Structures are given as C-alpha cells and as structure tokens.
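Please examine the structure shown below, with its sequence at hand.

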Amino acid sequence: MSAAALVAYIALVLVLLAALPTAWVLLREGWSRLVARRALDRLELARKVLERGAGENPEEVARRLREGFDAGTVERVMLLLLHEADVAKKQWAVSTFERLGLMERYVSRVREASTWSERAHAAEVLGLVGVASAVPALVAALRDPHEDVDSVKAAAATALARIHAEEAIPLLVEELRATDAGSSPRVAEALTRFGALAVAPLVELLRDEEHPQAAVWAARILGRIGDKAATAALLERLFDRSDTVRMAATEALGSLGDRRATQALLRAALSDPMPQVRAH
C-alpha cells in the first residue's frame, strides 16, 4: 500500500470515528422520539377507553384498562382524569382509581418511595383523590422527624386539608399532643382549613392540662379559625398555670373579636404575674 493510500485510509477511519458519536446521538434522539410518540398514542387510546366507559361500572372499566395497557399508561391516564374530572365525574374517577389498586400504590409511596420528590407527589395525588383512607399515611409523613419539611410534609398537610374528611380531624388533633417544630405548624395549617368542623375537638384539646404545648397550638388554631364558639374555653385558659397557654389564649381572643372577652382581657392586662402575658 502506497503512502498516499495509507494516509487516505487513516483519514477515512478518523472521519468515521468522529462521525460515530454524532450518529449515536441522532439514533438515540430518534429512538426517544419514537418511544415518546408511542407512549402518547397509548395514552390517547386509554383516554378513549375512559371516555367511552364514563359512568359505567368502575370494576369493568378498570379491567379493560389493565388488559389493554401497561401499568405506566394506566397510571398516567388516571391522573389526567382526576385532574380534569368535574364534580359529577369525580366520584366515578376515584372509584376507578381505587379498583385499579392505585390508591394502595400511592399510600405506599408516601412512606416508602426512595426520593422526597416521589413522596411529595404521592401526597399531592392522595389529596387530589380525597379519600379518607389516605389520612393515616399522610399523618405518618407529618410525624416522621426525618421527612423533608418543605416538600413532603407541606404536601401531606395540604392533602389532609384538601381531603376535608372529618375522620382526619381526631388524628390531626391527637398529633398535636406529640408536638415538634417540624410537623406541628403543618398539622395546624391543615386543621385551620377544616374551619368550624375542628372547633369542638380543638376546644377539648385546649382543656388538656397534661399537654400545655398542645393547648397552645389549639388556642392558636382556634384564633385562626375565628369561630366565637371557642370564646368560653379560651377565657378559661386565661387563668392557666402555664404562661405560654395564657399568652396563646389572649392572642386567640383578640383574633376572635368577641366583646364578651373584653373584661377578662382587661384584668389579664392589669394583673397577670407575667409581663409577656400582660403585653399580649
């Protein structure tokens, strides 16, 4: 082989080697687009199955989805349905979601998924579904001292408030008896959103002398709810032996704006032994 031919051969090999990465990138991109296109096609077919089956027996629709599509497609199409469903269709969508076993899957993810983003997303989905059976897992996420506060715990608290099931209220109130700086504000936020439904259990907690910090949280939440039905119980706590409870009670009474508290607050302002309580 002549020197010129050898040089040409080496140059060709180098050109081919340089072109291989580009060819690989193009091939990979083309394959990714093909996979995405097929996934979208499957998703559209699954949507049509749901549209045709709307209002039918959820068990039968769930069977069609399981038999016709992979688990990922079924999960994605159900999430789309839950986001888009109007009030009339929501209960049917939730029933179908449960028949597919997705409820158990997301409850498990809230506690066991390996990343905080997966756990936070699972909590959001459970709030969207709005079924009371998700409450224990969501509360457990709030109580976990190692859980991410700004994502998972915030999502769990929002989900609990969104579920708005009265069954959640006793669980949340009980959680305040084991307060910690991370989860109690989220529990309080969720209870506040329940409004008048949470007043009676919070009043009972307010009178719990064995857990003064829980009583403080109860007073704060009652103040945020603003229901004057709590006035009498808050007035009682103006004489509590804990100065933090008395401070919380005065703040709450100020928020309620019930004139029945005027004289008691005046006495506290003039005669309470703690200057912080008098200031509040």
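Which residues does D144 touch, not counting residues up to four places away in sequence?

## A buried charged residue

The model discussed here is predicted. With that in mind, D144 touches R111 and K153 when residues up to four places away in sequence are not counted. D144 is found in the loop between α7 (135-143) and α8 (149-163).

Is D144 buried or exposed? Its relative accessibility is 19%. Buried means under 20% relative accessible area, so D144 counts as buried.

## The pair α5 and α7

Helix α5 (residues 102-112) packs with α7 at an angle of about 10°, and their axes are 9 Å apart. Angles under 35 degrees count as roughly parallel, and α5 and α7 are therefore roughly parallel to each other.

On the α5 side, V107, V110 and R111 meet A137, A140 and A141 of α7. Sorted by class, this contact of α5 with α7 has five nonpolar residues, no polar residues and one charged residue.

Helix α3 (residues 71-84) and helix α4 (residues 87-99) pack at an angle of about 160°, with their axes 9 Å apart. This angle makes α3 roughly antiparallel to α4, as angles over 145 degrees are classed that way. The crossing in which α3 passes α4 is left-handed.

The residues of α3 that make the contact are M78, L79, L81 and L82, while α4 contributes K89, K90, W92, A93, V94, T96 and F97. By class, the contact of α3 with α4 has eight nonpolar, one polar and two charged residues.

## The nonpolar core

In soluble globular proteins, nonpolar side chains tend to be buried together. In this model, the largest nonpolar core has 85 residues. Those with the most contacts inside this core are L65, M78, F97, L172, L191 and L202. Helix α12 (residues 212-225) supplies the largest share of the core, nine residues.

L65 lies in helix α2 (residues 58-68) and is buried, with a relative accessible area of 0%. Leaving aside neighbours within four places in sequence, L65 is in contact with A46, V49, L50, V74, M78 and L100. L65 and A46 are 19 residues apart in sequence, and 6.9 Å separates them in space, C-alpha to C-alpha.

Terms used: Residues are numbered from 1 along each chain as its sequence is written. This is a predicted model: local features need pLDDT of at least 70, side-chain atom pairs count only at pLDDT 80 or more; totals for chains, interfaces and linings use all residues. Side-chain values use heavy atoms; hydrogens and water are left out. Axes are lines fitted to C-alpha atoms, for helices over the stretch in contact, and angles run from 0 to 180 degrees between N-to-C directions. Helices (H or I, at least four residues) and strands (E, at least two) are DSSP runs, numbered from the N terminus. Angles under 35 degrees count as roughly parallel, over 145 as roughly antiparallel, 65 to 115 as roughly perpendicular and the rest as oblique. A crossing is left-handed if the near helix is turned anticlockwise from the far one by less than a right angle, and right-handed if clockwise. Contact means heavy atoms within 4.5 Å. Ala, Val, Leu, Ile, Met, Phe, Trp, Tyr, Cys and Pro count as nonpolar, Asp, Glu, Lys and Arg as charged, and the others, Gly among them, as polar. A nonpolar core is a set of buried Ala, Val, Leu, Ile, Met, Phe, Trp, Tyr and Cys residues joined through side-chain atoms within 4.5 Å. Buried means under 20% relative accessible area, exposed over 50%, partly exposed in between (1.4 Å probe, protein chains only).
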